[in-house]
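Trainee: I have not looked at this structure before. Could we go through it one question at a time?

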Amino acid sequence: MKFFLLLSAIGFCWAQYDPHVKSGRTSIVHLFEWRWVDIALECERYLAPKGFGGVQVSPPSENAVITDPSRPWWERYQPVSYKLCTRSGNENEFKDMVTRCNNVGVRIYVDAVINHMTGSGVSAGTGSTCGSYFNPGSEDFPAVPYSGWDFNDGKCKTGSGDIESYNDAYQVRDCRLVSLLDLALEKDYVRSTIANYLNHLIDIGVAGFRIDASKHMWPGDIKAVLDKLHNLNTKWFPSGSKPFIYQEVIDLGGEAITSSEYFGNGRVTEFKYGAKLGTVIRKWSGEKMAYLKNWGEGWGFMPSNRALVFVDNHDNQRGHGAGGASILTFWDARLYKMGVGFMLAHPYGFTRVMSSYRWTRHFVNGKDVNDWMGPPNKNGVIKEVTINPDTTCGNDWVCEHRWRQIRNMVMFRNVVDGQPFTNWWDNGSNQVAFGRGNKGFIVFNNDDSTLSATLQTGLPAGTYCDVISGDKSGNSCTGIQISVSSDGKAHFSISNSAEDPFIAIHADSKL
């Protein structure tokens, strides 16, 4: 009995770190600003067949409609109520998406905005995605309802009421983030109201939450909310399953608040990951790919079983958040594919792939002044995600997750899951290779010269299709073929001018 209780306790303790993806799936994708109807379709036609584990969706709660500038992406982070009613769709469309995605084994994770309500600079009225009245000036949100009693004004000690120093943990958590009205999460009414919102989503069938702006809430307050949450819907999840939690905490070091304070609640976003990887692949500051041999905790990152990792996210691909100009994005497609390829091949962390949309860039003094632009739309209505004959996306949707190199590396990660990091090789500079046990091997050439080397792959003898240059198609490869000899070695040749200067092979790409 004692042993059973211990196992139960361990299971309960670990529950919030488990993304509940279907067995054999290891990555999720952020379909940023997609409509619910398009996500439902994408789960069925692409994500499930290609081995994706889940989707992070944009905040589904009613938000203020921002007209100056016209409908920016960040209006989704300006809640006015917890009605499921946004430009991505209504509650019925949301429910249909969750059901259809779960039915094909693709999980839904909600970006939950619970730190604040819309900002003090937004006009009162019904300029919201569902028509609810709100008045930020008087802190009145009757559709919740919240009133002045439910905000942190009395606790904040700065003159402006906004955060003025990130070296003061009290300011960061008790004052307003860019004038957004800061909710008093120490109050049970506020905790219960937020928990009711999250429980409604859990009951619909979501698998977990990205907790937005977690750094701006006390870890104990987040825990108090999480303790009120239901178990996941048993229609799709084992009885007793707890929602997967990953908290947005930007911690590049040197501030009062650290990621580790939040480990007790769930996983945490490891922002150092994309910032450092971008610096290495861009070869800035003398960094070399050879230095990636001890990537992960060896670079000062959080423990792998606490980390949610990504090359870029919706914030820092626009120069916000963390990482600055080193962040790799779809605008730098060649380097970006290498960065995402490395992330998906390496065992560290739980991986999230970004799926973006294009906007019209305009630089003034080195800053993109159009980084506010919302998703492709016509008169404020989000455009459909159209699919081109070559399976890429139209209507200004970038759909990095559909790029062959990235989609095939998602499958690579699935195949090598649980295998050790093995057979590292480097040339002392920017040519590197490593294996994942006897299931996969990947080689990168980010140098200024051609790579030509015979390397130990750890794989069984045979002919393998490189999944970067093409696909395995029946008994042939549409791209490069790699022959592994009986001793596990193979010869690799990669030009430094190749469109994709890396090669990846795995057990399922063997002919």
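Trainee: Is lysine 155 buried, partly exposed or exposed?

Mentor: Keep in mind that this is a predicted model. Buried requires under 20% relative accessible area and exposed requires over 50%. Lysine 155 has a relative accessible area of 29%, so the residue is partly exposed.

Trainee: Which residue forms a salt bridge with lysine 155?

Mentor: The closest N and O atoms of the pair are 3.7 Å apart, and a salt bridge needs them within 4 Å. Lysine 155 lies in the loop between strand 6 (116-119) and helix 4, and its partner lies in helix 4 (residues 169-174), so the bridge ties together parts 19 residues apart in sequence.

Trainee: How many residues apart are arginine 407 and aspartate 471?

Mentor: Their side chains meet in a salt bridge, at 3.0 Å from N to O. Arginine 407 is buried at 12% relative accessible area, while aspartate 471 is partly exposed at 27%. Arginine 407 is in helix 9 (residues 404-416) and aspartate 471 is in the loop between strand 21 (462-465) and strand 22 (472-473), a link between distant parts of the chain that are 64 residues apart.

Trainee: In which helix do glutamate 42 and arginine 45 both lie?

Mentor: The two side chains form a salt bridge at 2.8 Å, N to O. Glutamate 42 is buried, with a relative accessible area of 0%, whereas arginine 45 is partly exposed at 33%. The residues are three apart, about one turn of the helix, and both lie in helix 2 (residues 36-47).

Trainee: Why does aspartate 368 have no salt bridge, and how far away is the nearest side chain of opposite charge?

Mentor: Aspartate 368 is in strand 14 (residues 367-368) and is buried. Its side chain reaches the backbone nitrogen of asparagine 370 at 2.9 Å. For aspartate 368, the nearest side chain of opposite charge is arginine 361, at 4.1 Å.

Key
Residues numbered from 1 in each chain as written. Predicted model: local features only at pLDDT ≥ 70, side-chain atom pairs only at ≥ 80, totals over all residues. Heavy atoms only, no water. Helix = DSSP H or I, 4+ residues; strand = E, 2+ residues; numbered from the N terminus. Buried < 20%, exposed > 50% of the residue type's maximum accessible area, 1.4 Å probe, protein only. Lys, Arg positive; Asp, Glu negative; His and termini not counted. Polar contact = N/O pair within 3.5 Å; in protein donor to acceptor, adjacent residues only side chain to side chain.
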